[in-house]
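Welcome! We will look at charged pairs, helices, the core and confidence in turn.

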Amino acid sequence: MKRRPPRVLTLRIPLVLCCVLAHVCFGSTPPGKGNAPDENYAARWGVVIALGKQGLTQSALDSTLGIYRDARAAHNVPQTIAALLHAMNTIAAGKEDGLIQAWGLVNKEIATAEAPVVQVMHSLRGECLRTYYTRNRWQ
């Protein structure tokens, strides 16, 4: 029996992107606070993508988690969600128990996050659980 490559959270990516876009366009963050665009993030994402193309997934994951920490500290919601989603996909695809580690990462974020992020994280947690059960249904 041929095993299909893992499809991690592919169904929720459009939903997450729509939520992030809606929050950026219609968010309740006061002007000049939080979600200000930063060219530094674009350069850092370029590094993450380059590392991923070279096959250096652990280095890409470390860079992604750095972006996540900085975005969270700056209250940059779109970058926080994007970094967390990328980290979850990298963790889940690269390790055998990756979905369990991604689950823990989402639960940690849910415990400390605020309103717009919590709803997205609950959706991602549900997707992690569904993917885990689908992959391990035979056991």
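## Charged partners across helices

In this predicted model, Asp70 counts as partly exposed, because its relative accessibility is 38%. Asp70 makes a salt bridge with Arg44, and their closest N and O atoms are 2.6 Å apart. The two partners come from distant parts of the chain: Asp70 sits in helix 3 and Arg44 in helix 2, 26 residues apart. Arg44 is partly exposed as well, with a relative accessible area of 22%. What lets such side chains pair up? Side chains of opposite charge can pair when their charged atoms come close.

How many salt bridges does the model hold? The count comes to 3. Another of them joins Glu109 to Arg72, where the closest N and O atoms are 3.3 Å apart. Glu109 belongs to helix 5 and Arg72 to helix 3, so this pair ties together parts that lie 37 residues apart in sequence. Arg72 counts as partly exposed, at 28% relative accessibility.

Is each partner buried or exposed, or something in between? Arg130 is partly exposed, because its relative accessibility is 38%. Glu127 has a relative accessible area of 2%, so Glu127 is buried.

## Glu109 and its surroundings

Let us return to Glu109, which lies in helix 5 (residues 98-112). Glu109 counts as buried because its relative accessibility is 1%, and buried means under 20%. Which residues touch Glu109, once neighbours within four places in sequence are set aside? They are Tyr68, Arg72, Thr80, Leu84, Val117 and Met121.

## The nonpolar core

The largest nonpolar core has 28 residues, and among these Met88 and Met121 touch the most other members. Helix 2 (39-53), helix 3, helix 4, helix 5 and helix 6 are the elements that give two or more residues to this core. Which helix gives the most? That is helix 4, with 8 residues.

Helix 3 has 17 residues and reaches 24 Å from its first C-alpha to its last, close to the 24 Å expected at 1.5 Å a residue. Its buried residues are Ala60, Leu61, Thr64, Gly66, Ile67, Tyr68 and Ala71.

Just after helix 3 comes His75, with a positive phi of about 55°. This is a positive value in a residue other than glycine. His75 lies in the loop between helix 3 and helix 4. Is His75 buried or exposed? At 54% relative accessibility, His75 counts as exposed, because that word is used for values over 50%.

## How confident is the prediction?

The mean pLDDT of the protein chain is 77, and 72% of its residues reach 70 or more. Where is confidence lowest and where is it highest? Helix 1 (residues 13-26) is lowest, at a mean of 47, while helix 3 is highest, at 92.

Two stretches deserve a second look. Over residues 17-22, pLDDT stays under 50, and the model has 4 contacts beyond four places in sequence for them. Over residues 24-36, pLDDT also stays under 50, and here the model has 14 such contacts.

Key: Residues numbered from 1 in each chain as written. Predicted model: local features only at pLDDT ≥ 70, side-chain atom pairs only at ≥ 80, totals over all residues. Heavy atoms only, no water. Helix = DSSP H or I, 4+ residues; strand = E, 2+ residues; numbered from the N terminus. Buried < 20%, exposed > 50% of the residue type's maximum accessible area, 1.4 Å probe, protein only. Contact = heavy atoms within 4.5 Å. Core = buried A, V, L, I, M, F, W, Y, C linked by side-chain atoms within 4.5 Å. pLDDT = per-residue confidence, 0-100. Expected span 1.5 Å × (residues − 1). Salt bridge = Lys/Arg side-chain N within 4 Å of Asp/Glu carboxyl O.
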